[in-house]
Amino acid sequence: MNKKTYLTNAQFKAELSRCLQCRNKPCTNACPVSCSPQEFIAHALKGEYTEAVESICRRNPMGQTCGLICPETFCMKACLRTNLDSPINIPRVQAALLEKYRTKETFRRPDYPPLNGKNIAVIGAGPAGIAACWNLLKLGYKITIFEGFDKIGGALNLIPETRLPHDVIVKDWSFLADGNDRIELKLNTPVKDPSELLLQNFDGVIVATGESNFIKLGIEGEEHALPYTEYLRRHKKYATEGNVAVVGGGSVASDCAVSAKNDGAENVEMFVRRRISDMRITNADRKELLEHNIDITTMTKVVKIARQKDGRLTLFTVKTRFKDGRLEDIPGTIIPRPDFSLVIEALGSTVTPKNDSPRIIYAGDCKNGGSTIVEALASGIDASQKLDAGLNAFAK
């Protein structure tokens, strides 16, 4: 195991021993997919590792991936150890359990019910699509997943491998799909109109295509900036030893900054319109930015990008401030910031409103906007339940 990615054996045992085995299970109540840390830790403490693995996989089809990147805002925030010293690192305990003890021999799939004769199309093989597929299998459906790219995982593939080794995504998927004749995966097969699938022998469709509308800066010279979606998918292609600017202050911007530094950039600077306390990043993100010596310039807005004669880029920035609770530019504070080799715009994405129908249900980021992996999983499960209810009602 990668010692930087997973807990060491000593850390693993220490975290297990800290569990208070709370009767009211606040960690479980805080989990969007109702996974029970209290239960899987109790099994692990007794050496019942197969049972611990089963406890996780009963509720979460991507337990190892989730364990590596789930933020501290759910089970860890609810952990009562916080009142004594610090919360148990529950997600990492979960990831370690699956990495160490989940094997093809010990992992047991649920006993699926007889096929109900209905076929479901799932568009998108990210967390929401995978979770929908997982739950639909338990309801007796056959599934075909249509994925527009050449690999499963969706937006998970944009996360730097230093934080999420991408083979873990495949590993989670393999336990669900390998040898399972109820699932068919079609890669490099985008679907533009979900309703067309209803004419192709599919009884229902779940759309889990993620966010496609990245937020633009809306400034002069924006064409010189690279969208984060393109950058994170092919960051090695854009590697530079020069200076890199990242416009944005969320987790995606953090991923861009860390990737640029790991790829050899001499200096990486994030430009954030608001205060550092307003940045929508996790404590793990903050630590990673510090470890990689990323500069964070706050209360600053990029208002123009210009190309220099030598091919490098100049940013024009203005300072911002809060007045009567509203953010405004400070007059007379525009300055040029020259000599950037690369500018990445990472302000996030927007969602086009979607309307469900009894036979077409939306899930994940394309419905709710950017979310954590565990929220996307929960959305996929909810969508599958909603589709199942709609099809049963439609049949009547």
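## Helix α9

In this predicted model, helix α9 is largely enclosed by the rest of the structure, because 9 of its 12 residues are buried. The helix covers residues 166–177. From its first C-alpha to its last, α9 reaches 17 Å, close to the 16 Å expected at 1.5 Å a residue.

The buried positions in α9 are H166, V168, I169, D172, W173, S174, F175, L176 and A177. They pack against two helices, α5 (63–69) and α8 (127–137), and against two strands, β2 (142–146) and β3 (183–186). Just after α9, G179 has a positive phi of about 75 degrees.

Once neighbours within four places in sequence are set aside, the contacts of I159 are I69, L164, H166 and D255. One of these, H166, is also among the buried residues of α9. R233 is 74 residues from I159 along the chain, and the C-alpha atoms of the two are separated by 8.8 Å.

## K142 in strand β2

Strand β2, against which buried residues of α9 pack, contains K142. This lysine has a relative accessibility of 34% and therefore counts as partly exposed. Not counting residues up to four places away in sequence, K142 touches L115, K118, N119, I120, D181 and R182. R92 is 50 residues from K142 in sequence, and the C-alpha to C-alpha separation of the pair is 33 Å.

## Packing around α4

Two packed helices are described by the angle between their axes and the distance between the axes. Helix α4 (residues 49–57) packs with helix α7 (residues 90–101) at an angle of about 120 degrees, and the two axes are 10 Å apart. That angle makes α4 oblique to α7. The crossing of these two helices is left-handed. On the α4 side, the residues that meet α7 are Y49, A52, V53, I56 and C57; their partners in α7 are Q94, L97, L98 and Y101.

The axes of α3 and α4 come within 7 Å of each other and cross at roughly 170 degrees. The two helices are therefore roughly antiparallel. E39, F40, H43 and A44 of α3 make this contact with Y49, E51, A52, S55 and I56 of α4. The buried residues of α4 are A52, V53, S55, I56 and C57. Their cover includes α3 (37–45), α5, α7 and α8.

## Nonpolar cores

The largest nonpolar core has 71 residues, and the members that touch the most others are F40, V93, I143 and I206. Helix α15 (residues 373–395) supplies the largest share of this core, 9 residues. There is also a second, separate core of 23 residues, with Y231, A253, C256 and I281 among its members.

F40 also takes part in the contact between α3 and α4. Leaving aside neighbours within four places in sequence, F40 is in contact with C35, A52, S55, I56, I90, V93, Q94 and L97.

How values were computed:
Residues numbered from 1 in each chain as written. Predicted model: local features only at pLDDT ≥ 70, side-chain atom pairs only at ≥ 80, totals over all residues. Heavy atoms only, no water. Core = buried A, V, L, I, M, F, W, Y, C linked by side-chain atoms within 4.5 Å. Buried < 20%, exposed > 50% of the residue type's maximum accessible area, 1.4 Å probe, protein only. Helix = DSSP H or I, 4+ residues; strand = E, 2+ residues; numbered from the N terminus. Contact = heavy atoms within 4.5 Å. Expected span 1.5 Å × (residues − 1). Axes fitted to C-alpha atoms, helices over the stretch in contact; angles between N-to-C directions. Parallel < 35°, antiparallel > 145°, perpendicular 65-115°, else oblique. Left-handed = near helix turned anticlockwise from the far one by under 90°.
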